[in-house]
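Here's a look at side-chain pairings, charged ones and aromatic ones. Have the sequence and the structure open as you read.

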Amino acid sequence: MESVAKGREGNSMKRVSVLCFVLLVCTGAPCDAQSTRSLVNGGNDLYKEQKFNDAEVNYRKALEKEQELVQGHFNLGNSLYKQGKFDESVKEYETAVLKSEQKETKAQAYYNMGNSQLKAQKYQDAVKSYVESLKINPNDQEAKYNLSYALAKMKEQQQQQQNKNEKNQDKDKKDQQKQGQDKQKQDQERQKQEQEKKDQQRQQKQQNEQDSQEQKEQKSGQQEKQMSKADANRILEVLKNNEKNVQKKLRVRQGVRAKTDKDW
């Protein structure tokens, strides 16, 4: 079972899960005016009845009349703690420490401050407060116990934070690796697309060159055909002319009578 910090109220000591506090009662000299004393005493009565919000109102009214009232700040801190307003209660205890001239009051204020910080899970701050309390009152067994408890919780918290940091570092590392892999994949995909585009362009260029060559060859073939036809016509014309000349020569030769040596 997990141990819990010790608290105290008045002169009694007990081990409880909800921490209790020293409650200073304003009597006699510490209060300069009857109205201020009445407000503090009224707040104390309300506090005992566990009407912590109403007690807070009384203490604040008393402090409006007398800002230097140590008991007012101290008891206001107690009522704030009981309402779960730990940060506010710490501020009131700090003020009580600064304004008080009594070592015992300072020690008790540091002790209660440590309890508030412990409840707020600000273990390192709680350790410091308990240490300050023990500097003034080294024989305070409750402060020693709570200091030990706060140290254990602080160590546990630090270990949890370390584990969390390591987990976050692992996550960041995995995220970076994934980002690197994604980037590499994107680069490969982009390179592939660029290569495909280049291949398409090269194929298109080759196709265009092939089409151009075929067109040239086709045109050349047509020209050759046309030239061949013209040549054939010229050849035919030449043959026709030659034939006419041959026929003409033959007719001429046939019309000449051959001479003989003997006259018949």
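Glu-88 is partly exposed in this predicted model, with a relative accessible area of 37%. Its side chain meets that of Arg-60 in a salt bridge, at 3.6 Å from N to O. Arg-60 counts as partly exposed too, at 32% relative accessibility. Since Glu-88 sits in helix H4 and Arg-60 in helix H2 (residues 52–65), the pair ties together parts that are 28 residues apart in sequence.

Asp-87 forms a salt bridge with Lys-122, and here the closest N and O atoms are 2.9 Å apart. What about exposure? Asp-87 comes out at 46% relative accessibility, so it counts as partly exposed, and Lys-122 gets that label as well, at 36%.

Lys-135 is exposed, with a relative accessible area of 57%, while Glu-132, at 28%, is partly exposed.

How do Glu-56, Arg-60, Lys-85 and Glu-88 come together? Salt bridges with shared partners join these four residues into one network. The count for the structure comes to 13 salt bridges.

| Salt bridge | N to O distance |
|---|---|
| Glu-88 and Arg-60 | 3.6 Å |
| Asp-87 and Lys-122 | 2.9 Å |

On to the rings. How many aromatic pairs does a search of the whole structure find? It finds 4. One of them is Tyr-47 with Phe-52, an edge-to-face pair with 5.2 Å centre to centre and 70 degrees between the planes. Tyr-47 is buried, with a relative accessible area of 3%, and Phe-52 is buried as well, at 16%.

Phe-74 and Tyr-93 make another pair: their ring centres are 5.7 Å apart and their planes stand at 70 degrees, so this one is edge-to-face. Phe-74 belongs to helix H3 (residues 70–82) and Tyr-93 to helix H4 (residues 86–99), so the contact ties together parts that are 19 residues apart in sequence. Are these two buried or exposed? Both Phe-74 and Tyr-93 are buried.

Methods. Residues numbered from 1 in each chain as written. Predicted model: local features only at pLDDT ≥ 70, side-chain atom pairs only at ≥ 80, totals over all residues. Heavy atoms only, no water. Phe/Tyr/Trp six-rings, centres within 6.5 Å; stacked < 30°, edge-to-face > 60°. Buried < 20%, exposed > 50% of the residue type's maximum accessible area, 1.4 Å probe, protein only. Helix = DSSP H or I, 4+ residues; strand = E, 2+ residues; numbered from the N terminus.
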